[in-house]
Amino acid sequence: QRHIISIADLCRAELELIIDTAGRLKATPQPTLLKNKVIASCFFEASTRTRLSFESAVQRLGGNVIGFADGGNTSLGKKGETLADSVRIISSYSDAFFMRHPKEGAARLASEFSSVPVINGGDGANQHPTQTLLDLFTIYETQGSLEGLKVAFVGDLKYGRTVHSLAQALSLFGCQFYFVAPQALAMPDYLIDELREKGIACSFHQSIEEVVDELDILYMTRVQKERFDETEYQYLRSGFVLNTDMLANAKKNLKVLHPLPRIDEIDIAVDSNPHAYYFEQARNGVFARQALLALVLTNHFGV
Ligand code: CP
């Protein structure tokens with residue numbers, strides 16, 4: 001059985017297969033593909049998009065969902081049951097196990113005790129591989145290719161798990177990266193070293209305007225207000241709030257993406273701009289997660 005814990009668990013050929021399958025499922029729904037399958041959806045941390053798009057994905061493929069949105073109200077949360085025992089039980093009731101947990105490494109631990117495939121829906125600041133799958137699918141859908149794109153990442157590049165795993169995945173396709181962040185929120189050095197070892201061009205910038213006219217993808221992220229005092233937060237976010245004027249010289253094919261939730265780092269006037277694609281990106285979570293489920297549960301991995 002195949003667990004999906006990190007984006008590094010998938011090779012380039014598998015990523016391409018998932019993107020292709022997501023596109024086919026978006027065009028042609030398959031309402032019986034997961035008939036008689038029971039999928040556990042277990043959330044020990046808050047979520048709107050990941051949980052609901054995953055559960056929608058299962059139900060639109062004809063499968064059934066069991067689980068909980070509030071892990072605090074389980075025997076683990078209330079009575080002190082271990083994660084290992086909880087996973088043993090939940091996996092004995094299901095054909096696949098999707099989970100989000102606040103602690104880094106929780107999904108990897110769960111995979112050691114699960115009798116069915118575990119899919120990581122986010123473990124602390126570590127990994128969010130299914131977000132990366134929907135990001136890749138969306139980039140492919142809007143650009144027609146993943147090869148050699150110019151991609152800017154903006155905002156909290158230090159703590160943003162979506163940025164880390166998307167940059168790793170896009171590095172398999174020879175993209176060029178522009179990192180737009182204050183020094184306090186810069187991309188971790190180990191990731192920059194890893195990208196450069198693969199021959200990926202990386203440059204560093206202090207404002208969106210410096211780079212926007214060169215880009216194919218502008219990937220915005222939330223500066224995490226809760227980590228800073230108000231003065232520091234206001235300083236950190238200045239230059240990292242996107243408005244429509246900044247898009248005046250953008251290339252026609254540029255798309256603005258964001259994993260969401262947005263706070264105020266994209267002005268709401270951008271929502272109706274032709275470059276905005278973040279709400280369709282969130283919708284694509286259904287198709288990318290359907291593709292992953294289909295491949296995990298119907299054993300079409302190993303391409
Ligand atoms: N993008 C994302 O993971 O959103 P949620 O936290 O709402 O699931």
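This is a predicted model: local features need pLDDT of at least 70, side-chain atom pairs count only at pLDDT 80 or more; totals for chains, interfaces and linings use all residues.
Me: Where do I start? Into which domains is the chain divided?

Reply: Start with the bounds. Domain 1 covers 7–127 + 285–297, and domain 2 covers 130–281. Their C-alpha centres lie 26 Å apart.

Me: How many residues does each domain give to the contact?

Reply: In general, the size of an interface is often given as the accessible area lost when the parts come together. Here we have residue counts. Domain 1 gives 21 residues and domain 2 gives 15. On the domain 1 side, helix H1 (12–27), helix H2 (49–60), strand S4 (118–123) and helix H10 (278–297) each supply at least two residues. H1 has the largest share, with 6 residues. By class, that side holds 11 nonpolar, 7 polar and 3 charged residues.

Me: Which strands pair with S5?

Reply: Strand S6 (residues 176–180) runs parallel to S5, over 5 bridges. Val-151 has Phe-177 of S6 as its bridge partner. Strand S8 (residues 217–220) is also parallel to S5, joined by 4 bridges. There, Ala-152 stands opposite Leu-218.

Me: What do S5, helix H7 and S6 make?

Reply: A right-handed β-α-β unit, with H7 at residues 161–170.

Me: Last, the ligand. Which residues are around the ligand?

Reply: Among them are Arg-49, Gln-131 and Leu-260. The shell has 3 nonpolar, 4 polar and 1 charged residues. Domain 1 and domain 2 each provide at least three residues of the shell.

Technical notes. Residues are numbered from 1 along each chain as its sequence is written. A residue is near a molecule or strand if its C-beta atom, placed from the backbone, lies within 6 Å of it. Ala, Val, Leu, Ile, Met, Phe, Trp, Tyr, Cys and Pro count as nonpolar, Asp, Glu, Lys and Arg as charged, and the others, Gly among them, as polar. Domain bounds come from an automatic or database domain assignment. Two strands pair if DSSP finds at least two bridges between them. A crossover is right-handed if, with the strands pointing away from the viewer, the path from the first strand over the helix to the second runs clockwise. Two residues are in contact if their C-beta atoms, placed from the backbone, lie within 7 Å.
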